[in-house]
Amino acid sequence: ADLEENASRFAQPLSALSGPLESLAPMAEDGIVTISGWKVGVRPEWRSATRLVAAAFDDYLPRRNAVHSAAV
């Protein structure tokens with residue numbers, strides 16, 4: 001996903017995506033996602049984790065300490 005392109009397309013400030021992008025750093029370290037500038041990709045072998053990656057950008061998803069995965 002090209003975050004810069006999507007922010008422009010929906011007339012949103014790119015800065016609004018910096019926090020969610022930073023929250024994906026542990027997934028990048030684990031090799032689940034690739035981050036290059038404002039572009040995020042999910043590695044093919046981790047395709048099943050796409051919902052978890054997208055959840056980082058979901059403002060409506062409650063942020064709490066759940067005892068189970070929100071993607072289930």
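**Notes on the predicted model**

1. **Ala54.** Ala54 has a relative accessible area of 45%, so this residue is partly exposed. The model is a predicted one. Ala54 sits in helix α4, which covers residues 50-55. Look also at Leu24: in sequence, Ala54 and Leu24 are 30 residues apart. In space, their C-alpha atoms are 9.8 Å apart.

2. **Overall layout.** The chain has four helices and two strands. Read from the N terminus, the order of elements is α-α-α-β-β-α.

3. **Burial and surface.** How much of the chain counts as buried? The figure is 19% of the 72 residues. The accessible surface of the chain is about 5,500 Å². Carbon and sulfur atoms account for 53% of that surface.

4. **Contacts along the chain.** Take the contacts between residues at least 6 apart in sequence. Of these, 33% link residues at least 24 apart.

5. **The hairpin.** Strand β1 spans residues 33-36 and strand β2 spans residues 39-42. The two run antiparallel, joined by four bridges. Together they make a hairpin, with two residues between the strands. Gly37 is in the turn and has a positive phi of about 65 degrees. Across the pair, Val33 faces Val42 of β2. Ile35 has Val40 of β2 as its bridge partner.

6. **Val40.** Is Val40 buried or exposed? Its relative accessibility is 9%, so Val40 counts as buried; the cut-off for buried is under 20%. Val40 belongs to strand β2. Which residues does Val40 touch, setting aside neighbours within four places in sequence? The contacts are Ala1, Leu3, Leu21, Leu24, Thr34, Ile35 and Val53. Leu3 lies within α1 (3-9) and Leu21 within α2 (18-23). Val53 falls within α4 (residues 50-55).

7. **Ser23.** Ser23 is in helix α2. Its relative accessible area is 43%, so Ser23 is partly exposed. A polar atom of the Ser23 side chain lies 2.6 Å from the backbone oxygen of Pro20.

8. **Ala11.** Ala11 is worth a check by eye. The phi of Ala11 is positive, about 50 degrees, although the residue is not a glycine. Most residues other than glycine have a negative phi. Where is Ala11 placed? Ala11 is in the loop between α1 (3-9) and α2 (18-23). Ala11 counts as exposed, because its relative accessibility is 66% and the exposed class begins over 50%.

9. **The salt bridge.** How many salt bridges does a search of the whole structure find? The search finds one. Arg43 and Glu45 form a salt bridge, with the closest N and O atoms 3.0 Å apart. Arg43 is partly exposed, because its relative accessible area is 35%. Glu45 counts as exposed, because its relative accessibility is 52%.

Technical notes:
Residues numbered from 1 in each chain as written. Predicted model: local features only at pLDDT ≥ 70, side-chain atom pairs only at ≥ 80, totals over all residues. Heavy atoms only, no water. Pairing = 2+ DSSP bridges. Buried < 20%, exposed > 50% of the residue type's maximum accessible area, 1.4 Å probe, protein only. Polar contact = N/O pair within 3.5 Å; in protein donor to acceptor, adjacent residues only side chain to side chain. Salt bridge = Lys/Arg side-chain N within 4 Å of Asp/Glu carboxyl O. Contact = heavy atoms within 4.5 Å. Areas by Shrake-Rupley, 256 points an atom, 1.4 Å probe, with all protein chains shown as cover.
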